[in-house]
Amino acid sequence: MNNRQLFLQHVAQTSDAPLALEIEKAEGMYMWDAHGKRYLDLIAGISVCNVGHCHPAVVEAIQYQAQQYMHLLVYGEFVQSPQVAFATMLTQHLPENLSSVYFTNSGAEAIEGAMKLAKRYTGRTEIAAFNRSYHGSTQGALSILGDEYWRNAYRPLLPGIQHLEYNDFSSLELITNQTAAVIAESVQGEGGVIVPQREWIHALRNKCTETGALLILDEVQCGLGRNGTLWAFEQHDIVPDVLILGKALGGGMPLGAFIASHDIMWSLTNNPVLGHITTFGGHPVNCAAGLAGFKALLHEELIKDVKAKEQVFLQHLKHPAIKAVRSLGLMMAVELESFEVNKKVIDYCISKGVLTDWFLFASECMRIAPPLIIKEEEIKWACSVICEGLEKVLEK
Ligand code: PMP
């Protein structure tokens, strides 16, 4: 059997039509397959490789830390310098109340931890989330996921969950003094890049403050520069009580985090002690990688050109078959007629060496979320391939 057949046979599948590209090397904006074919990466491993694939500083940090120590002991017992340094640097770049970082292995685990934290801190049990939201695939995260098709097969799920409508003022009435937390993406990703209206997200913040519910903002997909500011909530001019990070946080390694005030986080320390336990969360090699990636993001000033690059995309994504483009920085959804058209264009792009994708709850939309290092010529070329794909698909 060749590698592709072994992959289908022995690596558990969750789709009957996986892309099954066999990548041998990835660097910067590109991936190369087993035949040496090059792909321009327009999706950054779903918003992970913000600083590009295999950033040399990240690789070096991994190599160094792997030689010092890897796993030592479960989360929180030892002072591990990569964790301390990364948590310190993150909090230096966050509002004052977001001062305590709990590192996890993934975005979903950060959501799970934050849900528990909100229940512990408030003594309440109800949680509100939004339709068309995605927060992960574990059972707590699945309970708050905002789409019945994806949720329903796994019932029973957590009780006490309300689903509200994003950008809808009347939904906010459902937040009460029984609500432990409201969990929202700062920009909805899998819903097809839905940006919150400024007045609405302010009303949401106010309602949480009034009722004593914690506002948990999920920036797993949108955070770390993708929207043109380090954090998406900066653009909305609000501050959450708990911030959820993942994906790009590890510089390409698995790392998530939930971040809150010291006071809120302290509720995990007693009655029962060890309120949230993880063996590998905040792994020293992953924290070293994340710290190196974060420094690269800041020192190479990758965020400052994000909005200009968004404009280059918007100028060149012009085709009668494009119904709309929704974007905030380099997080973009190109809305087409249907999933069928979208899938054919995606396949065409891949055949031409441009890797793109669709969204879970907006399958008629093409995903564009490249590494932030993408250059103007690469954007123009990618847009020309997408438009060419639309021509080819629609002429048939
Ligand atoms: N929140 C959001 C907004 C996400 O997009 C994702 C992953 N797509 C998650 C949470 C879950 O992250 P993970 O896959 O690392 O569990």
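View 1. E190 has a relative accessible area of 5% and is buried (under 20% relative accessible area, with exposed meaning over 50% and partly exposed in between; 1.4 Å probe, protein chains only). This is a predicted model in which local features need pLDDT of at least 70 and side-chain atom pairs count only at pLDDT 80 or more, while totals for chains, interfaces and linings use all residues. Residues are numbered from 1 along each chain as its sequence is written, and side-chain values use heavy atoms, leaving out hydrogens and water. R367 is buried too, at 4%. The two form a salt bridge, with the closest N and O atoms 3.0 Å apart (a side-chain nitrogen of Lys or Arg within 4 Å of a carboxyl oxygen of Asp or Glu). E190 sits in the loop between strand 7 (179–185) and helix 8 (198–211) and R367 in strand 15 (residues 362–368), so the pair ties together parts that are 177 residues apart in sequence (helices are DSSP runs of H or I, at least four residues, and strands of E, at least two, numbered from the N terminus).

**View 2. E148, R151 and R155 are linked in a network of salt bridges.** Here the side chains of R151 and E148 meet at 2.5 Å, N to O. They are three residues apart in helix 7 (residues 148–152), about one helical turn. R151 counts as buried at 9% relative accessibility, whereas E148 is partly exposed at 36%.

**View 3. K25 and E27 meet in a salt bridge.** Their side chains are 3.7 Å apart, N to O. K25 is partly exposed at 43%, and E27 is partly exposed at 44%.
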